[in-house]
Amino acid sequence: MSAHRPFSVRYAWYVVFVLMLCYALSLIDRQILSLLVAPMKRDLHINDTRIGLLQGFSFALFYTLAGLPLGRLADSQPRRKIITFGVLAWSMLTATCSAARNFWSLFFTRMGVGVGEAALSPSAISLIADAFPPGQLGLALSFYSMGIYFGSGLAMIVGGSVVQSLSHRPELTLPLLGTIASWRATFLIVGLPGLFIALLTLTIREPQRRALLRTSDGSVTHLPLRVVWQQLRLRFRSFLGLSIGMVFQALSGFAFLAWGPAFLERTYEWTPGRAGHTLGVLTLLFGCAGMYLGGSLCDLWQRRGIPEAPLRVAVLSAAGSCAFFPLALTIGNSTWAIVLLAIATFALAMPIGSSYAAVQLIFPNQVRGQVLALFLFILSLGGLSLGPLLPGLLNDYYFHDEKRIGASLAITIATASILMLVIFLATCRTYRAHYRAAQSFQSG
């Protein structure tokens, strides 16, 4: 079987499905910690600020740094192998979190989880971009990106069930491990299935690389690092606008995913199981629906000749997030809070897949993995590091009250959404010019 045989439509969507499962798994392993806040604070003797560091900065630190060399590998090496390695690495390290005995041992293990997950998206998105034509890429990458909300939702549903079922059993006795706190067993439960998902990635074939830069005689150009940076500088204003705009989208998303369960538990005295189930279903349904609409709108507008379609989707998202998240987090009624959070989650999810497509569509193939790794580096350094941390800081050092987590989240998300809106509006004109200039190699 040829590694470069053209993909059928059915097989291309199968590849997206498998990669989406990998992404969902990575979010489950990343997100499960949000449902373990109370027992971890008790057993590890840490405050909300340190919880924020564990959920964001510890993971993001090596996720961002490892992503850059792994992105360069994705531009020249078989992407399937890189993905398989990543799935195995982060799954085993998530399970290892069960053995952490203090803040620092858990901090460094979470850093290792970040290294494994850094292998996924640069390779996966580059591979998907070669499997679909430009006019279908927004929806394909939105489907892949549904892994964010699919994984986060499952983490809350499954994690909430596990935490609830183990709430009356503070300790468990397991083979080889002996007696451990029940919250530690949660890391084992969500980490070990990754070994089976890794086997599924072996069914993926490499598509033929498209949109390659070529020399005058038609041969493929092999780009040294300095040329990669030259390509980036040619489109720097568009790339910077996309990156910084999505930093604030990611900041909002990771802030809510990290502290949403604690918000319901502290504000409305919900159990971890009820909070996890409710937010899990909400995240699954409305997050995925928002991504589907965002990707569909992006593709529709691009087929109608609107190059900056991904940025228009992001502008709609920012306006919706700014309007509904603060209201949901401060309304004081649990029923209305859930209704408004559903609308806000739908809006926030819209631009994720289309923003990945926007980056792919203005760069040649040989630099896509590296550029996307840099894009994710910026998103993670800003959004994933600060999103979980800022509400914790506001709680500990401004409000001095853990029950004010709703107000802390509202301030964080409203500010980020306004900045996101301004940046994407300012980037539209520049992106339009760079998209049109890229058409010569996009058809290659």
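Predicted model: local features only at pLDDT ≥ 70, side-chain atom pairs only at ≥ 80, totals over all residues.
Helices here are DSSP runs of H or I with at least four residues, numbered from the N terminus.

Two packed helices are described by the angle between their axes and the distance between the axes. The table gives these values for helix 4 (residues 79-96).

| Helix pair | Axis angle | Axis distance | Crossing |
|---|---|---|---|
| Helix 4 and helix 8 (residues 182-191) | roughly 160 degrees | within 7 Å | left-handed |

With helix 8, helix 4 crosses at roughly 160 degrees; angles over 145 degrees count as roughly antiparallel, so helix 4 is roughly antiparallel to helix 8. On the helix 4 side, Ser91, Thr94 and Ala95 make this contact, and on the helix 8 side Phe187, Leu188, Val190 and Gly191 do. By class, four of these residues are nonpolar and three are polar, with no charged residue.

In the packing with helix 6, Arg79, Ile82, Ile83 and Trp90 of helix 4 meet Leu120, Ser123, Ala124, Ser126, Leu127 and Asp130 of helix 6. The contact of helix 4 with helix 6 comprises six nonpolar, two polar and two charged residues.

Apart from neighbours within four places in sequence, Ser126 is in contact with Ala74, Arg79, Ser121, Arg209 and Gln360.

Conventions:
Residues numbered from 1 in each chain as written. Heavy atoms only, no water. Axes fitted to C-alpha atoms, helices over the stretch in contact; angles between N-to-C directions. Helix = DSSP H or I, 4+ residues; strand = E, 2+ residues; numbered from the N terminus. Parallel < 35°, antiparallel > 145°, perpendicular 65-115°, else oblique. Left-handed = near helix turned anticlockwise from the far one by under 90°. Contact = heavy atoms within 4.5 Å. Nonpolar A, V, L, I, M, F, W, Y, C, P; charged D, E, K, R; others polar.
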